[in-house]
Amino acid sequence: MKLTGAEIILECLLREGVDIMFGYPGGAILPTYDAMTKYPQLRHVLVRHEQGAAHMADGYARATGKVGVVIATSGPGATNLVTGIATAMMDSSPVVCITGQVPSAVIGSDAFQETDVTGVTLPVTKHNYLVYDVEELAYTIREAFHIARTGRPGPVLVDIPKDVQNAVTEFVYPEEPIELPGYHPPQRATDEDIAAALALIEKAERPLILAGHGVIMSGAGREVLQFAEMTQTPFALTLLGKGGLPETHPLSLGMMGMHGTGYANLAIQNADLLLAFGMRFDDRVTGNLKTYAPNARKIHIDIDVSEIHKNVRVDVPIVGDLKTVLGQLMPHLKPLEHKAWLGQIRDWMEDADERDIVNRDVGERLFAAHVIHDMWRATGGDSVVVTDVGQHQMWEAQYYPHQRPHTLLTSGGLGTMGFGLPAAIGAALGLGQPNVWAIVGDGGFQMTLQELGTAMQERAPVNIAIMNNGFLGMVRQWQEFFYEERYNATPMHNPDFVKLAEAYGIPARRVTRREDVIPAIEWANSITDGPTLIDFVVEKHDLVYPMVPTGADLDKMIRRPLPSENAI
Amino acid sequence: MKRTLVALVENKPGVLNRVASLFRRRNFNIDSLTVGRTENPAISRMTIVVDADSEKIRTQLHKLVNVIQVQDVTEIPDVSRDLALIKVRVNSQTRGEVVQLCDIFRAHIVDATTDAVIVEVTGDEDKITSMTELLRPIGILEMVRTGVVTMTRGEHVLSPNGYKMRPGGNGYRTNVL
């Protein structure tokens, strides 16, 4: 069968199980857009800006566990993807980007809309390709999907010159196994590793599991929970680990780190054994490395060898797939008890309850934390929540306990404002179910709000909840704590978000009082055939507590003042 | 302390760029990097001398899809060679001095004119540094060094053969540059 390069691209996407692509056409990718007319089974979602396409594919991948696909043209089309690609890279999200390139004969001549896209994206992709020969195209796309989804997943970009898309060749799908001499993701631990880990586990009196994104990526939630219950080991989650383990479980300490729970951070600093499962000791999680978990031996299981000893020196490093490694470890485990340790942690928890804003009467004022907590109650804690970046993101992490994997999608590593709305659209279209909520701040929402048009056109069932405080709240919080309240460049004059949504034909409401929160959420949930928007006008001056200042010791948290101290 | 790493890489376009980009973005200090073909036309070999934590560099390099194998050979007995071409200004008085130095260092004069000679000297880094220090007062006009290449002694072998690779799948160019 003779096919053009463009048709080969789409044939390959079909064989990878792709059902939806997020993209934006342009000169150098037009042959592929034209070929799409022959492949109606591949749904194409027209975005309003290529960054939106990259975030949508990322959101799709995080929600479904499948590879997200992006299509864009050369030059500005491709460079607009960069923020989205870097976001996917930092959070190990499997995305394949296909970009058009100027014809191979003019590459290097500064042709119209030419950019060295493989050069630009080299540091922010897991791998990338520039395909010069149509005979290589099918195999390259297969390899790209293989690399994106295996090992530690990540974004892969394939740059395809226009003449390669137009070239015609006999299409034979390469069925042979992928042979990459330098790419063999590790799977199993050695027997020595297992024995060394067991020795530490059996001796520990104050053990703690640190569960990261790897728990979800590896599908190891059940194994980790079994481990925790059998050895009576409490667990704390990273931001991206949320959903990997049920947060309402009695052994759960919630999130750790800069805005983690006080008791999770105290447990880390007082533990004598840390079991780091699929996490990478990010600086937002460790605080001051010199004083981090000073009394703890450390077992680190991760699929990425370069994460071992990168930030924290560990005693037993195990490179492998978490689910596989725990499968090797579990048969040797004996039931253990840590009553004194769990008792100590419960004391810390009671102190935190007293300070918690959700346990306070705040009168007429509407707090974002209350909105998010009410959303958790109104949705039975079972929504897929996609956040943007900032204070609302941390409040989500604190006040919306997740039970299932792939139910919190958030930009953790890169902290990309503008991620929320497009990622939620990608998740909603991928899942095809109406319980996807985008919780966004008024700042981040305005970075990518043009994707309201995409949500409208595609009837994406996304409920958008704006935590509108008229400020770049997290930056304002840092200015309050560390820059003597000089609020430079953080107040925002916002448009009327309800009118804005209505201009797009999106049903919208404004909520200013606590008693209207749950009815509004129920109203939004009742609309299942397209997007909705709720503008929650929340308290301007609330702060995310607790907070570990950058570089401070993990247990030196700024705590929310007690009620008796007469402050919020 | 300086560490020496040897890496086998796929002979594909842009691989040197990937390696160099990694060193820059991870803030690794690199002393020298040499790259050249092996007896397997699909695989090139790099010798990298660094002044940094070589374990981090090794694991990061290993993560690059086109890097097949990386070894830190610092602790293994090896033969290391650097080659320098040094153009020295000479006159009738100093020419003899240069010839004598070449004898001592087992260097060769590979080009000679009335005013200048080119000295080719091979050896480990220290030897070349000593040679240049002795030639400097005579008058070095220009100099070029290849950077260090390393091979471990005896039975310790880093062979580029025996890897499963897709035949002929190297695109239109087979060159790490």
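This is a predicted model: local features need pLDDT of at least 70, side-chain atom pairs count only at pLDDT 80 or more; totals for chains, interfaces and linings use all residues.
Residues are numbered from 1 along each chain as its sequence is written, and chains are lettered from A and ligands numbered from 1 in the order in which they are written.

Chain A holds 23 helices and 20 strands, where helices (H or I, at least four residues) and strands (E, at least two) are DSSP runs numbered from the N terminus. Its radius of gyration is 24 Å, close to the 24 Å that the globule rule gives for 568 residues, so chain A is as compact as a globular protein of that length; the radius is taken over C-alpha atoms, and the rule is 2.2 Å times the number of residues to the power 0.38. Along the principal axes, the C-alpha atoms of chain A fill a box of roughly 75 × 60 × 40 Å. Of the 568 residues, 56% count as buried, a term that requires 20 or more other C-beta atoms, placed from the backbone, within 10 Å of the residue's own.

One sheet of chain A is open and has six strands in the order β16-β15-β17-β18-β20-β19, with parallel pairing; strands pair if DSSP finds at least two bridges between them. Because β16 (408–409) and β19 (508–511) of chain A stand at the edges with a single partner strand each, one side of each is left without a neighbour in the sheet. The partner of β19(A) over four parallel bridges is β20(A), residues 532–537, and there A508(A) has L533(A) as its bridge partner.

Elsewhere in chain A, strand β13 (residues 297–302) runs parallel to β14(A) and is joined to that strand by four bridges, with I299(A) bridged to V316(A). In a regular strand, side chains alternate between the two faces of the sheet. In β14(A), residues 316–319, both faces are covered, as V316(A) and I318(A) on one side and P317(A) and V319(A) on the other are all buried.

Finally, 19 residues of chain A are in contact with 23 residues of chain B, contact meaning that C-beta atoms, placed from the backbone, lie within 7 Å. Helix α7 (residues 134–149) of chain A gives the largest share of chain A's side, three residues.

Notes: A residue is buried if 20 or more other C-beta atoms lie within 10 Å of its own, exposed if 12 or fewer, and partly exposed in between; C-beta atoms are placed from the backbone. Two residues are in contact if their C-beta atoms, placed from the backbone, lie within 7 Å.
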